[in-house]
Amino acid sequence: TFEKKYAEMIGVKQCVAVGSGTQALHTAVEALGLGPGDEIITSPYTDPGTIASILSARALPVLADIDRFSFQLDPDDVERRINQNTKAIMPVHMSGLPAHMERFMEMAKKYNLLVIEDACQAHFTKYQGKFLGTIANVGCFSHQASKVLACGEGGSIISNDEELMDRCYT
């Protein structure tokens with residue numbers, strides 16, 4: 001029931017419930033086929049679960065600087081760090097504030113990269129008219145006790161990509 005209602009509330013086709021935000025991120029990384037030798041650029045200003053989700057897939061987290069005004073991942077530094085091993089960007093919407101998603105989506109298109117939104121702290125936050133978590137290939141949330149939508153422990157993955165969501169479920 002939660003999966004159906006949450007997907008409906010956020011405006012996506014599907015939601016898969018998991019045990020934690022870290023598990024949501026790790027499941028998304030694995031379902032996207034990322035692993036050994038692949039680099040995922042992300043923020044150093046985050047919960048350790050963001051980094052653990054990448055390391056658990058045997059991929060390499062690459063930490064880019066944060067923007068000193070927004071405290072979100074700095075798009076200019078992210079672009080400087082893209083190389084032949086970069087396969088994805090994982091922006092983190094810290095404290096419910098949006099990362100620079102239009103820039104990250106432009107980079108994804110330009111360099112053929114995947115984007116995983118760590119929206120673990122950004123339930124129901126809108127950015128340019130869209131809920132965070134719905135802009136990239138996949139969005140991940142935490143439902144841990146300190147989050148806006150809490151269940152004690154838990155997480156969820158959302159996307160409109162039915163094949164990807166099937167892999168997440170599996």
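The legends below describe close-up views of one predicted model. Residues are numbered from 1 along each chain as its sequence is written, and side-chain values rest on heavy atoms, with hydrogens and water left out. Because this is a predicted model, local features need pLDDT of at least 70 and side-chain atom pairs count only at pLDDT 80 or more, while totals for chains, interfaces and linings use all residues.

**View 1. The rings of Y6 and F124 form an edge-to-face pair.** A search of the whole structure finds five aromatic pairs, where rings of Phe, Tyr and Trp (its six-membered ring) pair if their centres lie within 6.5 Å, and where planes under 30 degrees apart count as stacked, over 60 as edge-to-face and the rest as tilted. The centres of Y6 and F124 are 5.9 Å apart and their planes stand at 80 degrees, so this pair is edge-to-face. Y6 belongs to helix 1 (residues 2-10) and F124 to the loop between strand 5 (114-118) and strand 6 (126-127), so the pair ties together parts that are 118 residues apart in sequence. Helices (H or I, at least four residues) and strands (E, at least two) are DSSP runs, numbered from the N terminus. Y6 is buried, at 1% relative accessible area, whereas F124 is partly exposed at 30%; buried means under 20% relative accessible area, exposed over 50%, and partly exposed in between (1.4 Å probe, protein chains only).

**View 2. F131 takes part in a ring pair and has a charge over its ring.** F124 and F131 form an edge-to-face pair, 6.3 Å centre to centre with 80 degrees between the planes, and F131 is buried at 18% relative accessibility. Ring pairs join F2, Y6, F124, F131 and F141 into a cluster. The charged end of K126 sits over the ring of F131, 4.9 Å from its centre; a charge sits over a ring if NZ of Lys or CZ of Arg is within 6 Å of the ring centre and within 35 degrees of the ring normal.

View 3. A disulfide is a covalent bond between the sulfur atoms of two cysteines, identified here as a pair of cysteine sulfur atoms within 2.5 Å, and a search of the whole structure finds zero of them.

**View 4. Helix 6 (residues 162-169) has a buried side.** L164, M165 and C168 are buried in helix 6, and they cover an arc of only 95 degrees around the axis, which puts them on the same side of the helix; the arc is that of the directions from the helix axis to the C-beta atoms. These buried residues pack against strand 1 (14-18), helix 2 (21-31), strand 8 (138-142) and strand 9 (155-159), where contact means heavy atoms within 4.5 Å. The face turned away from the buried side carries the exposed residues E163 and Y169.

**View 5. R58 and F124 have positive phi values.** Phi of R58, a residue other than glycine, is near 65 degrees. R58 lies in the loop between helix 3 (48-55) and strand 3 (60-63), and R58 is exposed at 52% relative accessible area. Phi of F124 is near 65 degrees, and F124 is placed in the loop between strand 5 and strand 6.
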